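This report covers nonpolar cores, aromatic pairs and charges over rings. The structure is shown below.

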Amino acid sequence: MASLKDVLVPDIGDFKDIPVIEVLVKPGDKVSPEESLITLESDKATMEVPAPFGGTIKQMNVKVGDKISEGTVILSIESSDDATPVAAASPASEPDKKVAVTPPPPTPEEPPKAASPQTATPAPGRSGSAAAHASPGVRRFARELGVDLAQVTGSGPKNRILKEDVQSFVKNVMRDGGAPAPSAGAGLALGLPAWPVVNFEKFGPIEKQAMSRIRKISGPALHRNWVHIPHITQTDETDITELEAFRKSMAKEAEKLKVKLTPLVFIMKAVVAALKQFPDFNSSLAPEGDALIIKRYYHIGVAVDTPGGLVVPVVRDVDQKGVLQLAAELGTLSAKARDGKLSPADMQGGTFSISSLGGIGGGHFTPIVNAPEVAILGVSRSVTKPVWDGTTFQPRLMLPLSLSYDHRVIDGAQGARFITYLSAVISDMRRALL
Ligand code: CAO
């Protein structure tokens, strides 16, 4: 038999006249025991009042903004005998019985409900989620969905984050395909803990700089590639002593043509020779993931460092061009890139990329594959090193190479074969003619 019971504000310590900041239910709603009904907020703490038993909300006695104290009637619930697991304390047969609500014990991941402030300024190192202005119910809801509240903009009073804000945040993430921000995307996709949000000013002076347009676009793409592609990076060092001698001997000729002949264009030609030998490296995974699309053209993307960030223009048909022509095209493309004048077409159609940091310095690194390509070559600064020739040490100019590839497409053995072959071609470019 159904009975109507009032639910009262429980003993909440010394608090009096506390504003109701959220009403989480309405007449007609079915609630389960322990489900949150309203949220109260004093200047010290935010607390939720849970249902002491299950049933259907019949009448609401409070609304947002009301100030209430212990004993105030919040609402009345009609409960059936079956749906009153706490009936021992509140006999279901007794109509209009008033029941005081006891906040449930805190769960390990949730601070005590009435005792601890949940909206106070976070201690250094606490997560942004913890710092966000939201009720425990909204926090719980966000946690269930893996949403980092630090990423959600609140539309409630004093920028409080409401349940609807979390819902629309999730909708936006789903619509935009994943990762709007460091933590949120990763959290949603991988169930990772929230990104640490630190008040850096507490530790010293800071300066906030807006990210460039390129960085805002390239960042999420790099993140996607890093997360989606199982990378392996295979390194090697190749002897470019002879190649450098040849390049230098060509310097005057190149100058006449007003081009700068750097090691990179030779490496591009050697890469094409290796791609022809190992066509899987010049492929993409079919969208269904069940086939490889092998490309019979050789368009090489070259990472260019610009004041606004990294861009990757594509040099087309590298197999059909000589090093002087490649040097001219690379010069034009990198100047266009640095002036911010690349068109989308300039950056499309690549089949393999090269990231050359040789002009800057540093040793081996781990380049990130540029999807939907399956491999990328990192080139570092050449260094003269003693190399054992079987009898004695010889000074040789050694070029560090770092080949990253998608392990779904390329096995380790193939990766090692590719870099060994590439290394041999760079050391002796005549091999490219074979
Ligand atoms: N070892 C030693 N010296 C090298 C070298 C190497 N591997 N590669 C280039 N150099 C030398 C060049 O010969 C040139 O020397 P001179 O000034 O004496 O002629 C100097 O370094 C500068 O070369 P460069 O950088 O102007 O030309 P490049 O053809 O090597 O590279 C480009 C062109 C556009 C790729 C390059 O300028 C660039 O932007 N590199 C950065 C790419 C990048 O940021 N990658 C990172 C991606 S991941 O974040």
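Which residues touch the most other members of the largest nonpolar core? The model is predicted. In it, Met-268, Ile-300, Phe-352, Ile-354 and Leu-377 hold that place among the 51 residues of the core. Seven elements each supply at least two core residues: helix 8, strand 13 (300-302), helix 9 (323-338), strand 17 (352-356), strand 18 (375-379), strand 20 and helix 10 (412-427). Helix 8 gives the most, with 11 residues.

Take Ile-354. Leaving aside residues up to four places away in sequence, its contacts include Leu-264, Ile-267, Met-268 and Val-271. Ile-300, Val-302, Ile-376 and Leu-377 are also among the residues that Ile-354 touches. A second, separate core has 20 residues, including Leu-37, Ile-38, Val-62 and Leu-75.

Now the rings. The model has eight aromatic pairs. Phe-278 and Phe-281 form an edge-to-face pair, with centres 6.3 Å apart and 80° between the planes. Both residues are buried. Phe-281 also pairs with Tyr-405; their planes meet at 70° and their centres are 6.4 Å apart, so this pair is edge-to-face. The pair links distant parts of the chain, 124 residues apart: Phe-281 sits in the loop between helix 8 (263-277) and strand 11 (283-285), and Tyr-405 in strand 20 (residues 393-406). Phe-281 and Tyr-405 are both buried. One aromatic cluster takes in Phe-278, Phe-281, Phe-352, Tyr-405, Phe-418 and Tyr-421.

Two lysines lie over ring faces.

| Lysine | Ring | Distance from ring centre |
|---|---|---|
| Lys-5 | Phe-53 | 4.2 Å |
| Lys-163 | Phe-141 | 5.0 Å |

Key. Residues numbered from 1 in each chain as written. Predicted model: local features only at pLDDT ≥ 70, side-chain atom pairs only at ≥ 80, totals over all residues. Heavy atoms only, no water. Phe/Tyr/Trp six-rings, centres within 6.5 Å; stacked < 30°, edge-to-face > 60°. Buried < 20%, exposed > 50% of the residue type's maximum accessible area, 1.4 Å probe, protein only. Helix = DSSP H or I, 4+ residues; strand = E, 2+ residues; numbered from the N terminus. Lys NZ or Arg CZ within 6 Å of the ring centre and 35° of its normal. Core = buried A, V, L, I, M, F, W, Y, C linked by side-chain atoms within 4.5 Å. Contact = heavy atoms within 4.5 Å.
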